[in-house]
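Look at the fold as a whole before turning to single side chains. The text below goes from the overall layout to the core, then to a few local features.

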Amino acid sequence: MMLFQSATRPDEGAGSPSSGPLMRQIPLDLGPSDVLGLDEFIEGRNAEALSWLRAWPEVEGPRSPAYFWGGQGAGKTHLLRAMIEPTLARGWGVIWLNAHTCQMWDAVTPATPTLALIDECEALDAHHQHLAFNLFIESASSQAAQAARAQVPQ
């Protein structure tokens, strides 16, 4: 993509008949950028949350749902996006939902878990809220089924 900027020719004064704007092309690098990982996140008062995410999914207690909240610019989106690559590397699926889009990456097998990442919850419209609620229920049902299978004697 190119951005065109208007400029006046240096050899022509304003008021001469050919002193119209000269178009100059400025190349912009608008290609995909690398997604920042957990190691690029600046640790502050959120050390416990960052530690939990680095250990996930081998965390003590339930691994979902997990809620992250904070003011604008606190890094919530950064943390959620940082979970995509390591989750896909495990062969898991990922669903990314925010107020603007829903993206899905399939798991290696249908039986492999899928991580649902929901960002900008406060901005979700009714349709996206319904989808987020369904993802939440599906996650809770899956966790309950896994817990029940784990308690069945082999």
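This is a predicted model: local features need pLDDT of at least 70, side-chain atom pairs count only at pLDDT 80 or more; totals for chains, interfaces and linings use all residues.

Residues are numbered from 1 along each chain as its sequence is written, and side-chain values use heavy atoms, with hydrogens and water left out.

The protein has four helices and five strands. Here helices (H or I, at least four residues) and strands (E, at least two) are DSSP runs, numbered from the N terminus. Read from the N terminus on, the order of the elements is β-β-α-α-α-β-β-β-α. A contact means heavy atoms within 4.5 Å. Among contacts between residues at least 6 apart in sequence, 37% join residues at least 24 apart.

How much of the protein is buried? Of its 154 residues, 23% count as buried. Buried means under 20% relative accessible area, exposed means over 50%, and partly exposed lies in between (1.4 Å probe, protein chains only).

In soluble globular proteins, nonpolar side chains tend to be buried together. A nonpolar core is a set of buried Ala, Val, Leu, Ile, Met, Phe, Trp, Tyr and Cys residues joined through side-chain atoms within 4.5 Å. The largest such core has 16 residues, of which Leu 38, Trp 56, Leu 79, Met 83 and Leu 117 touch the most other members. At least two residues of this core come from each of helix H1 (47-55), helix H2 (76-82), strand E3 (93-97) and strand E5 (114-118). H2 gives the largest share, three residues. Not counting residues up to four places away in sequence, Leu 38 touches Leu 50, Leu 53, Arg 54, Leu 79, Ala 82 and Met 83. A second, separate core has six residues, including Ile 95, Leu 97, Leu 124 and Leu 135.

Trp 56 also takes part in another feature. A search of the whole structure finds one aromatic pair, and Trp 56 and Trp 92 form it, edge-to-face, at 5.1 Å centre to centre with 75° between the planes. Rings of Phe, Tyr and Trp (its six-membered ring) pair if their centres lie within 6.5 Å; planes under 30 degrees apart count as stacked, over 60 as edge-to-face and the rest as tilted. Trp 56 lies in the loop between H1 and H2, and Trp 92 in the loop between helix H3 (84-89) and E3, so the pair ties together parts that are 36 residues apart in sequence. Trp 56 is buried because its relative accessible area is 8%, and Trp 92 counts as buried at 11%.

Thr 87, found in helix H3, is buried with a relative accessible area of 0%. Leaving aside neighbours within four places in sequence, Thr 87 is in contact with Trp 56, Trp 92, Gly 93, Val 94 and Leu 115.

Two backbone details remain. A cis peptide bond, with omega about 5°, joins Trp 56 and Pro 57, and Pro 57 lies in the loop between H1 and H2. Glu 120, in the loop between E5 and H4, has a phi near 55°, a positive value in a residue other than glycine. Glu 120 counts as partly exposed, because its relative accessibility is 26%.
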